[in-house]
Amino acid sequence: MINTAKIIWADDEIDLLKPHILFLEQKGYSVQACTNGADVLEQLKKNQYDIVFLDENMPGLTGLDTLEKIRTITSDLPIVLITKNEDESLMEDAIGSKVDDYLIKPVKPNQLLLTIKKLLDNKDLVSRKVTLSYQQEFRNLGIALTEKLNSEEWISLYKKIVHWEIELARIEDVSMKEVLSQQKVEANTQFFKFIEKNYLNWINNPISSPILSHQIMQKSVFPLLSPEKPVFFILIDNLRYDQWKTIHPLIAEYFRLEQENLFYSILPTATQYARNAMFAGLLPLEMEKKFPNQWQNDDDEGGKNLFEEFFLTENIKRNFRKEIKLSYHKILNQEHAKNLFNDLPNLYKNDLNAIVFNFVDMISHARTDLNMIKELTNDEAAYRSLTLSWFEHSPLLELIKKLSTKEVKVVITSDHGTIRVNRPTKVIGERSTITNLRYKQGRNLSFVAKDVFQVKDPHEAMLPKHNVSTSFLFAKEDFYFVYQNNYNQFVHYYKDTFQHGGISLEEMIVPLMVYEPK
């Protein structure tokens with residue numbers, strides 16, 4: 001690769017650096033030598049340069065003085081400060097003045113070359129490295145998809161797919177992204193077959209199952225409770241594993257990740273089923289039988305998640321003989337967040353504080369209804385980016401900052417994920433059939449058998465049923481249900497929207513992370 005970058009280098013002893021300049025010129029770079037900061041500023045008015053090297057200890061304008069003046073002209077030009085001074089305060093001043101790199105004399109030619117490549121060629125070098133690494137991993141992923149994976153191996157495979165999805169999103173190689181996209185489609189095809197074969201057995205034989213929604217509290221959260229540290233259980237509705245990976249670096253500024261876990265959401269992968277099961281420690285059919293006044297079926301009027309605190313309280317009573325001090329908050333707006341922060345001093349006295357944030361779920365619903373949100377989240381990477389943007393300015397991040405100053409444990413999880421749907425599949429049912437796009441519950445359902453997992457008797461999946469002929473359908477992969485009436489209109493309206501309730505890696509494999517303050 002031919003280097004055409006232009007470098008301007010200021011040092012009052014520039015003549016002694018001629019071997020270094022010659023080395024860089026032999027590598028294809030153009031170097032403009034200066035003996036002082038004033039000459040650098042004058043040259044920058046006349047010519048375009050790609051990088052600046054500044055000696056810190058120059059007469060007249062020092063390196064830091066020159067750096068500050070350059071930053072009033074441009075904020076984009078990479079600047080490297082070179083100095084004999086290893087004083088920490090000087091380094092802090094340089095960083096505060098937005099220096100891009102900092103080198104200590106004597107500087108070796110290869111150090112200069114590495115700095116240039118890091119600052120100027122980084123994007124291209126990273127792109128080539130990521131592409132090569134994925135090409136090497138492509139075969140391994142392909143082989144894995146031909147094997148009979150167990151529940152843990154599916155989690156491991158999904159983590160690898162998400163890793164490459166995030167890595168490839170950072171580069172401009174469209175072809176590699178398309179290859180990975182096809183691998184993900186194939187993975188969801190095989191994952192559906194795996195769930196279709198094993199799910200009912202998991203539900204009816206807990207010993208053979210991976211951790212499911214209704215087991216999370218007992219197996220992953222209650223063991224964290226101790227008199228020394230309150231546990232803050234934070235549930236972000238509809239948060240996928242890749243979205244967690246996107247916000248984790250911000251959390252990691254304040255907390256150390258102690259455990260990285262993933263579990264399986266129950267079916268339907270919908271809030272009223274998965275989240276109620278999580279808080280109650282029971283499957284939906286058990287909730288309906290044990291708490292008939294609190295459980296809400298799909299066709300019941302009113303909210304379906306109004307009794308989460310009640311379910312959690314009852315769950316605690318079943319698992320603990322001693323009293324567990326509990327709080328529950330649901331954050332839907334800034335007023336709810338304000339009330340939470342006002343109550344925070346009291347929460348530190350509790351054993352367990354459950355907090356539900358609903359914003360990510362709102363994003364997915366808004367994307368269906370609002371064209372502007374659709375434009376902002378036109379692919380998976382943009383969807384992650386919007387989640388990150390929300391998080392950066394959210395009361396949740398503010399809460400995390402406050403909690404990081406206390407002796408606490410923080411659990412961050414979700415109830416289920418969501419998938420971007422692309423393929424419609426027809427379903428016909430009675431008027432009472434529910435309207436969800438990824439699962440259906442009703443009588444006399446007509447559907448395309450190859451596109452769904454049908455549970456003829458809901459009780460086999462520990463789901464309530466309205467009458468003896470009720471059945472459940474779960475859409476596979478990226479399919480979504482569309483009625484025959486106004487078929488074309490609804491195909492267009494819901495295509496490329498994020499939905500949940502069915503069977504996919506994105507919906508069923510859910511993050512659960514345990515953090516401790518740094």
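Start with the contacts across the whole chain. Among contacts between residues at least 6 apart in sequence, 74% join residues at least 24 apart. Keep in mind that this is a predicted model. Now show the cartoon. The protein has 20 helices and 19 strands. Its C-alpha trace spans about 90 × 50 × 40 Å along the principal axes. Colour by burial next: of the 518 residues, 54% count as buried.

**Stop 1: aromatic rings**

Select Phe, Tyr and Trp. A search of the whole structure finds 30 aromatic pairs. Zoom in on tryptophan 154 and phenylalanine 194. Their rings form a tilted pair, 6.1 Å centre to centre, with 40 degrees between the planes. Tryptophan 154 belongs to helix 7 (residues 151-169) and phenylalanine 194 to helix 8 (residues 174-204), so the pair ties together parts that are 40 residues apart in sequence. Both tryptophan 154 and phenylalanine 194 are buried.

Now pick phenylalanine 291 and phenylalanine 310. This aromatic pair is edge-to-face: 5.1 Å between centres and 85 degrees between the planes. Phenylalanine 291 sits in the loop between helix 12 (284-290) and helix 13 (308-319), while phenylalanine 310 is in helix 13, so the pair links parts that are 19 residues apart in sequence. Phenylalanine 310 counts as partly exposed, because its relative accessibility is 29%.

Trp154, Phe191, Phe194, Tyr199, Trp202 and Tyr264 form one aromatic cluster.

**Stop 2: leucine 282**

Select leucine 282. You will find it in the loop between helix 11 (271-280) and helix 12. Leucine 282 is buried, at 11% relative accessible area. What does leucine 282 touch, not counting residues up to four places away in sequence? The answer is His214, Ala277, Met287, Lys290, Phe291 and Arg318. Glutamine 215 is 67 residues from leucine 282 along the chain, yet their C-alpha atoms are separated by 7.8 Å.

**Stop 3: two helices side by side**

Show helix 14 (residues 334-347) and helix 18 (residues 395-403). They pack at an angle of about 10 degrees, with axes 11 Å apart. That angle makes helix 14 roughly parallel to helix 18. Show the side chains. Helix 14 contributes Gln334, Ala337, Leu340, Phe341 and Leu344 to the contact, and helix 18 contributes Pro395, Glu398, Leu399, Lys402 and Leu403. These contact residues divide into seven nonpolar, one polar and two charged.

**Stop 4: charges over rings**

Select lysine 406 and tyrosine 348. The charged end of lysine 406 sits over the ring of tyrosine 348, 5.3 Å from its centre. Then try lysine 426 and tyrosine 487. Here the charged end of lysine 426 sits over the tyrosine 487 ring, 4.9 Å from its centre.

**Stop 5: the backbone**

Go to proline 106, in the loop between strand 5 (101-104) and helix 5 (109-120). A cis peptide bond joins lysine 105 to proline 106, with omega about -5 degrees. Jump to proline 268, in the loop between strand 7 (255-264) and helix 11. Leucine 267 and proline 268 are joined by a cis peptide bond, with omega about -5 degrees.

Finish with phi. Methionine 462 is not a glycine, but it has a positive phi of about 55 degrees. Look for methionine 462 in the loop between strand 15 (452-455) and strand 16 (470-475). Glutamate 477, also not a glycine, has a positive phi of about 50 degrees. Glutamate 477 lies in the loop between strand 16 and strand 17 (479-483).

Notes: Residues numbered from 1 in each chain as written. Predicted model: local features only at pLDDT ≥ 70, side-chain atom pairs only at ≥ 80, totals over all residues. Heavy atoms only, no water. Phe/Tyr/Trp six-rings, centres within 6.5 Å; stacked < 30°, edge-to-face > 60°. Helix = DSSP H or I, 4+ residues; strand = E, 2+ residues; numbered from the N terminus. Buried < 20%, exposed > 50% of the residue type's maximum accessible area, 1.4 Å probe, protein only. Lys NZ or Arg CZ within 6 Å of the ring centre and 35° of its normal. Axes fitted to C-alpha atoms, helices over the stretch in contact; angles between N-to-C directions. Parallel < 35°, antiparallel > 145°, perpendicular 65-115°, else oblique. Contact = heavy atoms within 4.5 Å. Nonpolar A, V, L, I, M, F, W, Y, C, P; charged D, E, K, R; others polar.
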